[in-house]
Each structure stands twice: as structure tokens, then as C-alpha cells.
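Trainee: Could we go through this model together? I would like to begin with how the chains meet.
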Amino acid sequence: MTSSLGIPRFIIITVPALGVVSLLLLSLGISPLTIAITLARGSVLSWLKFNHVLSVWIPLLLCSCGLLFTFRAGLWNIGIEGQVVCGAIGATLVLRLGNTYLPAAMLLSLSFLSAFLAGGVWGALAGFLKNRGGVNEIFGGLGLNFVAQGAILWFILGPWKREGMASMSGTDLFARELWMWVPRGWRTAPAALILTVTVFLFTAFILSATRFGLKIKAVGLNPKASRLFGINPDLTGFTAMIIGGGLAGLAGAVQVSCVYHRLIPSISSGYGYLALLIVMLANYKVTLTPIICLLFACLTAGSIQLPITLQIDSSLSGVIQGTLVLSGLLAHGLQQRRLLRKGS
Amino acid sequence: MIKLTNISKTFGEVRALHKVNLNIYPGTIHGIIGENGAGKSTLMKILTGFIRRSSGNVIYQSKNINLQSPRDAREIGIGMLYQEPLDFPLLTVLDNFMTGGSSFPPSRQRANLSRLCSDFGFDLDPDCRVNQITVGERQQLELLRLIQQGTKILILDEPTSGISEKQQDLLFTALRNLKAGGTAILLVSHKLDEIELLCDDVTVLRHGEVTAYWKRPFDRDAMLLAMFDTVPESKPTAVNYTAVEPVLDFHKVSSGKGRSGLNSVSTTIRAGEVVGLAGVDGSGQSVFLQLAFGLLQPDSGRISRSRESVSPAFLPADRLAEGLVPGLTIREHQILSSNIGPVITSKSGLAKTRRAIKSYNIVGSPETAVKDLSGGNLQRLLLSLIPNDVQLILMENPTRGLDLQSASWTWEQLHNRITPDGTIIFASPDLEELLQQSSRILTFYNGSITLDTPAHATNYRQLSRAVTGEKDPAI
């Protein structure tokens, strides 16, 4: 975790990034300290606010876990955004079934399964396009994101439109019993929290302690050589895409059943893209991912306070997140370059 | 015209060229021959400015010149036709023709191209994209481009590999015309037929030194002697298994991969054979091995393996880039090559890895990343990864980069590994190694098997003739 200069990587990345953001703020006549205090107040300094942070952290970590699988296999799953959307559609499909006589808990579980399948299919589609059609997963994924966005609008304005009129504000709310249980004084469903932690532990276990995880790693590092070990790189990458898409789908289900209780056009809240930045900043390491997810969740949740108290646009959190990632990539790139030079 | 005196080049401790002298005269074709690694490419790269000499002089028109970059070489009129065409595949023939040239309007360049085409009898469509024409046509285009640029010293590197006979005839006619026009031509080749047909004089390189220089007429035997090391004749072969059941059958297999592809190759490899594949780099041996393993699929023909139950092992020439996963450790490689799992603990595969490290003398610990291992250690690791029940081992240059001791140790291991009905197929540029280690030798030339012989029935002389393209070479 330390660079070749002996300084922790964490410092190498955060100091320049926060320095740049501070300079930017100072040049606009805003005190960075005020911003920091406001962000902290809006995120961690009250139980309710921290609950809001958790409700961002959950989908972010679910998406990041999915991305850990695909990045490990050497794939850039840009299509994750569409996979979240498809997961949300898949969950809504089950929750709108109506008179099934099934208990609510069962329906909710089924909705998560359906979300996993829908996201997985969307991931598989990008994998299929890559393996069979020679379409790079970045372009395939990007295209599928647009298709998914089109599909969600069609559902909201078409077959699932509100009673009487179609509205961009989303579908009708689900029946109250299909909302995930949230204790008094909480904003997050404990079940979603447990699910997310389980998914994270599962991801860590598969990637670092199983033969399958090792295979994914081998394929990501050298697909050509992996074939000599009897591994089928196409199939392994395809499986990683299905798992990645499935986990992103779960994030969509959480958004539908715990946060909005209905399907809305912006159901993914851009968490898929944000998760890409998180995993990059974590340098694709499993252990760092939940911590950086928490940091990003704090920034995202805290920034809601900015327009209210300081009349500053909440997109400032995006600026901070982006600068951190750029700084992280820069640090990583410089380190690689130094290693290469040392090698030659 | 241009004179090289005492050119030497070292890469670290390796001496690639040592005091090489070469005179190139206008209106002549000068052949450069030598086996793989003799220093031909290094010499050409110095002449074209890609690398700098360590010592010696390049004299052009009685002046000492310093070739610092390809641009310097181009300015004095040195142009090279590379083995793999250095062009822009997505651009059209005309666009490629115009690159690097003067700023003529395209209409004028089009006329130039068509005039040059008719001068040389080439048939090139100016509007066709270069990735849609054959290697031979790309070469013709490159040649015309060099002529248009005013190349006075033309270097050709193995120009006839991968082109058709008709294209070869056209090329030879073009070269003769250029020679008549006063161009100095350097022809680098392994093919003695070409040298005999075209060249006025020939220089032979071996281990980075000039071993011979002749003017026409040439003596083929003398050329072979100068090219290859002399070895005691008919050393006994190290192996003598009896071949029985077929293991691998190639039936009229063709492929467009590699430099010369594979042209309708048929052969049967039997259990118990150690088959050596001889040939100049890129003559089809590597494609043959990749097809046999299943890394490539044939364009036509049929490959059948009799023992589908256990997949063969393949050890590629570029060990780190193609055979191993640089980011994984020795232990992780051992886990991948065995049936350990599905759950991996910190102890999984540890005993096996320790055994492999000990018995294969790998310098490293189980947690050493493979990218930190040296060449010899990489090869020993690859050998240790071959599962015990494998009956067919395919190898490209198994002792490349190994010192004599490691090489003989490697072979000892391989012969110990293989049961009486196991099979090894290996490609090697080293004829001596082929003669010593194989029971049967297949010689590849331009994508075809030109000689198939038991190792005890051939010798160094015949093999060296066969790899340089002689038909029905005598023993």
C-alpha cells in the first residue's frame, strides 16, 4: 500500500486531488473548510444523514462488486449502467404482478432474483456481442445502456403508466406491503444492508479463494496463456459478465424496492458509472472497494446540503470524486512507468 | 557506392556483429546469407538507421557518414523492403504510394503509380484498400514506393516468403531491371536458389562475423559449409522408441496464419515418436504446432487426435508472453495446472509447488511472481507444469535462450517424462539439437513439408540443404 517512495498511496492520491479542489474553491472565493464541514454535516454527523449515506453505499457497493468480477477478467463493463436499469425493470416486473397470493417476503425475494437475471442477461448480451460479434465490450455496453434507457422509458410511459396518465415521474407506487421493511428512525432496509455485505463477502471469497477466481484472474492477465491451462477465456469472460450484470441488477432492485418504491426513469442515479470510478480508484482491489464506496457515498449524500446552506451546486461532489479518480489513475500510471524504467 | 568497414555491434554482453566488412556497388545484387541469429537483421538495421553501430565506419561516396535515424538513411537513398510489409492496411494503394513522398497532386501520383506498374508489369488497383490485396502485391506496392522516393540502395529481407511463384518471377524481373538501371541491391535470404539465380556476389555471416565472400559463380556446398557450423557426422540419436499407434493425423491441412501459412500438409505422428520440426523461422512449424494443440483452426483439411481424453501440453517459444501469466505466482500456476480446488486456501498446492521448485531447480519461492523469473527458470517452470498424464507434448524452441547445461538438463527431463508410448513434437532452429533429440525429422519450407525422414537416416548436410529449399537434397 505504499509507493516506491515510501509514502502511503492514499496520501499520494488524496493530497494533490484535494489540493486542486481547494485551489478551485479559493479562486471562487469559497472556503474549502466550510465545504468540508457542510459535507460532513450532511453525511456522517447525524444518524439520519448517515442512513442516507448507507442508502447510496448499498447500490454503489453492489455495482462495484459486479465490476470487480469483470475488471478482474480484463473487461471494461461500461454497460453496467444499463444492467442496473434492467435489474430495476426485472424487479418491477415481479412487484407489479398483483394478485399472486404469494407472501410479500416471497415476492420481494423473487423480485431480487428477477433483477439478478435481468441484469445478468444484459451483461451476457454484451459478452455475447464481444465473443460472437467481435464487438468490444465498451462499445457493446455503451449501446446497450441506451437501449436499456429506452426500454425503461417505454415501460414507464407505456404498459406501466400511471392510472389515467403517463408521467416521467414514474410508475405508481407499489403496494405498501411490498416496500422493504425499514425500522423506525432508519432510512435503509436492514435486509438490503445484509444482502450487500453478503454479496461483498461472496465477491471477496470467489475472487481470492477459489479456483474460479484464479481462472478469471489468469484470463484477465493473459488470455492467450490461459488457454494452455485448459481455460476457455471467452467462456470465463462471459461468465464474469453475467455475474457482473447480475450484481448490478441487484442494485437496481434495491433502488426500486427500498428507495423509490416505484420505477422512475433515472432509477440508476448514475451509480453504475460512479462505481466504475470507485473500482478504478481502489486500484481494482477488493478490500479497498467498500471503503471508497463509503467515501463516495458520503460525498454524494453530503453534497445535497450544499445548495441549501451555501447556495453551491451539489455537482461539486462530482468534481471532488472525479479529481480523486484522476489523481489515482495518475499515481498508478506514474508508478507503472517507474517500474517499467527500472525493469529496462 | 557504400562501404561498411569493421562494423561491430554489442547488446549488453551479447556480440551481435564483429568487425563486419561489406562493399555495395551500384548495378549489382549482393546476397547476404546466414542461419537464424547470424546477425543479418542487425546489419540491415544499422544500414537503415534503426539501430546504431557500436564501432566501425559507414562510408558513402568516400565520406564517413553517421546514420542516426531511418530518416538519415532515407536521405542518402537507402530503402528497405521488410519481410512483413510496413504499410498502412486501412489506406488505399494510392494513399500508401503517396505516403512519405513529395507533395505531388494525387492525380499526378496516380499517373506515376500506373506508369511504374506498367514498367514493372505489376497489376495494382490504386483504389483498392491494402488489407484486401495479397502479401505479394503489398510488396510490389512497397517496392514502387521506394523507387518513387529515389531509393538507390535497395535492401530486401527474405522477399519471397509468403508470395506466389508468379509474383516471385515478377519480383525477380523487377530486381534485374533495377540493377540494370544502376540500383545497388542487397538481398537477405535463406534460399540458396534465389542467391544463385540473382546475385553477383554473396557474403556469408555466421555468429556475427563474415565467414566467406564470393563472386559469381557460387559453389553451393561451400556456401552451406560457411553458413552452418561443421559438426561431426551422424552422431547417434538420443532416442529410439518404436512408433505404433497414430496419435495425431494431419490430412491436407492448410492455414493462412503465420508468414508462409501451411499448404496442404498431410502427415501422421505416432505414439512413441519424438518428432523434430526443422525449418527457417516462419516456414510453417509454429503454425503446425498451434494447429496440433488446437490454438488455431485449419482453413481446410482435417486434423484428428486419437487421445482426446487428455489434452496435449504446449510450450510456446515466448514463454512469458504466451505460456505463463506474468501477474500470477508460481503456486498459482501449479494450482491452475492441476485439479486443486474449487476452494483455495493458503496451503493449496503448496506441497506440489515446493516439490516442483526442488525437482526442477526453480530459483524462487511458491509466492514468487512469475514475471520476476529469469528465462531458464521460466522454462523449468513450464516443464514442471506439464501434468503427469499428458501423452503428447508440443514445444516451440524448447531450449531457446538456455545455456548448454540447462538445455541438456531440459532434454533429460523430457525424455524421462515421456513414457514409451508418449509423443513429443518440437520445433527448433538448431539442426544439431534436432538430430540429437528426435527420432524423426520433418523439414518445413514455405509452408510445406519437404523432407520427412527418420533422424538416423539423415545428417546435418541434408537438413541444411532441405531448410534452404533444395528439392530432394542428397545425404
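Trainee: How many residues does the contact take from chain B and from chain A?

Mentor: The contact takes 19 residues from chain B and 16 residues from chain A, where two residues are in contact if their C-beta atoms, placed from the backbone, lie within 7 Å. This is a predicted model: local features need pLDDT of at least 70 and side-chain atom pairs count only at pLDDT 80 or more, while totals for chains, interfaces and linings use all residues. Residues are numbered from 1 along each chain as its sequence is written, with chains lettered from A and ligands numbered from 1 in the order in which they are written.

Trainee: Changing topic, in what order do the three strands of the open sheet in chain B lie?

Mentor: The order is β12-β11-β14, with antiparallel pairing; strands pair if DSSP finds at least two bridges between them. Six bridges join β11 (residues 246-255) of chain B to β12(B), and B:S255 stands opposite B:L262 in β12(B).

Trainee: And which helix packs on the sheet?

Mentor: Helix α9 (residues 285-293) of chain B does, touching β11, β12 and β14 of chain B. The direction of α9 makes about 120 degrees with that of β11(B); axes are lines fitted to C-alpha atoms, for helices over the stretch in contact, and angles run from 0 to 180 degrees between N-to-C directions.

How values were computed:
Helices (H or I, at least four residues) and strands (E, at least two) are DSSP runs, numbered from the N terminus.
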